[in-house]
Amino acid sequence: MTAALAVALLLPPVHSSSGWAIASMIAAIVFFATLGDLLIASAMRRLDLDAIRAERGIAGASWAVVTNLRFVCGVLGMAGGFFSLLFALSHADVSLIGPASASLTFVSNAVAAKFFLHENVDGRRWAAALFVCLGVGLLSL
Amino acid sequence: MTTQRYLVLLIVAVTAPLGDTLLAVGMKQIGPVSLEHPALLLHAILNPSVAAGIALLIGFFASYTAALSWADLTFVLPTTSIGNVLIALLSRFWLHEHISASRWLGIALITMGVGFVANGSSYTEHAEPAAQPAFSGRTAGDL
């Protein structure tokens, strides 16, 4: 995702969107990025890579991953997040879009992982998500 | 968690910010790319910095997906965010760039966040077996 920020630094800044429009763009980035992470994590959890690698080797395991429909949808979700980011960066400052989307994704991933992947998100992990969210926001400013 | 798995997490943490940095360096060398001249993007791939950045990001994605096969998403993401701290510290002590007080605070918060998850378990075990048989790849009901 930050690769998009690197490319966006080369684009001329545009400042014409309202607050709601910018919030919607940030929401779209966070949604697609979270969807991508969620589907890829789910795909990798369902595939028994150790067993596949023992049977068919590294190449077979790699093939099983890249032909998994859930994994492919996850990559498409990540691509959606990437292009949403590029779109948002053509409407608002990188100093707003970058930190906001990067840090909010940590929290949305924690929420989504708890409810969809049924991960054990205890107090320690909530605290980690919030601390990293704030930290990434401050680091990107 | 074995040493090999910590090494994979370290690769995830380091390759993403380094790859992004190399892409940014390469694209600054090439200059602005317009939609009227898309061939310039192909030329960009031949730039050593861009090529190295792409190689690192491919390594990042491979190690990231591998890590998600044996660790939770809520473990991998905060743990690997330490890469942002490493890059900030490298820029301070190697490139002698200025780091503001808010960035130092960000570094401290990320480090504390990583400390929270690193001390806990990395994987949530579920009661029901969720793994697919080794011979099955894509199926109609996969989603």
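Predicted model: local features only at pLDDT ≥ 70, side-chain atom pairs only at ≥ 80, totals over all residues.
From the N terminus on, the elements of chain B run α-α-α-α-α-α. Chain B thus counted has six helices and zero strands; helices (H or I, at least four residues) and strands (E, at least two) are DSSP runs, numbered from the N terminus. Chain A likewise has six helices and zero strands, and its pattern along the sequence is α-α-α-α-α-α.

Residues are numbered from 1 along each chain as its sequence is written, while chains are lettered from A and ligands numbered from 1 in the order in which they are written.

Let me turn to confidence. The model scores ipTM 0.80 and pTM 0.79. The pLDDT is the predictor's confidence in each residue, from 0 to 100. Chain A averages a pLDDT of 85, and 88% of the residues score at least 70. Among the elements of chain A, the lowest mean pLDDT, 53, belongs to α1(A), and the highest, 92, to α2(A). Chain B averages 81, with 87% of the residues at 70 or above. In chain B, confidence is lowest in α2(B), at a mean of 78, and highest in α3(B), at 92. Over residues 134–143 of chain B the pLDDT is below 50, and this stretch has 16 contacts in the model beyond near neighbours in sequence. By contact I mean that the C-beta atoms of two residues, placed from the backbone, lie within 7 Å.

How much of each chain is buried? A residue is buried if 20 or more other C-beta atoms lie within 10 Å of its own, exposed if 12 or fewer, and partly exposed in between, with C-beta atoms placed from the backbone. Buried residues make up 45% of the 141 residues in chain A. In chain B, 35% of the 143 residues count as buried. Among contacts between residues at least 6 apart in sequence, 81% in chain A join residues at least 24 apart; the figure for chain B is 75%.

Next, the place where the chains meet. Here 47 residues of chain A are in contact with 40 residues of chain B. On the side of chain A that touches chain B, the elements giving two or more residues are α1 (2–8), α2 (19–46), α3 (49–66), α4 (69–89), α5 (94–116) and α6 of chain A. The largest share, 12 residues, comes from α6(A). This side divides into 31 nonpolar, seven polar and nine charged residues. In that count, Ala, Val, Leu, Ile, Met, Phe, Trp, Tyr, Cys and Pro are nonpolar, Asp, Glu, Lys and Arg are charged, and the others, Gly among them, are polar.

In soluble globular proteins, nonpolar side chains tend to be buried together. A nonpolar core is a set of buried Ala, Val, Leu, Ile, Met, Phe, Trp, Tyr and Cys residues joined through C-beta atoms within 7 Å. The largest one here has 70 residues, and those touching the most other members include Ile29(A), Val132(A), Val12(B) and Ile110(B). The most residues in this core, 13, come from α2(A). Beyond its neighbours within four places in sequence, Ile110(B) is in contact with residues of both chains, among them Phe131(A), Val132(A), Ile82(B) and Val85(B).

Why does the length of α3(B) agree with expectation? Its 21 residues, 48–68, should span 30 Å at 1.5 Å a residue, and its end C-alpha atoms are 30 Å apart; the expected span is 1.5 Å times one less than the number of residues. The buried residues of α3(B) include Val50(B), Phe60(B) and Leu68(B). They pack against α2 and α3 of chain A together with α1, α2 (39–45) and α4 of chain B.

Helix α5(B), residues 82–93, has 12 residues and reaches 17 Å from its first C-alpha to its last, close to the 16 Å expected. Its buried residues are Ile82(B), Gly83(B), Asn84(B) and Val85(B).

I close with two residues. Leu77(B) is found in helix α4 of chain B and is buried, because 27 other C-beta atoms lie within 10 Å. His118(A) stands in the loop between α5 and α6 of chain A. Is His118(A) buried or exposed? It is exposed, because 12 other C-beta atoms lie within 10 Å. His118(A) has a positive phi of about 55 degrees although it is not a glycine. Most residues other than glycine have a negative phi.
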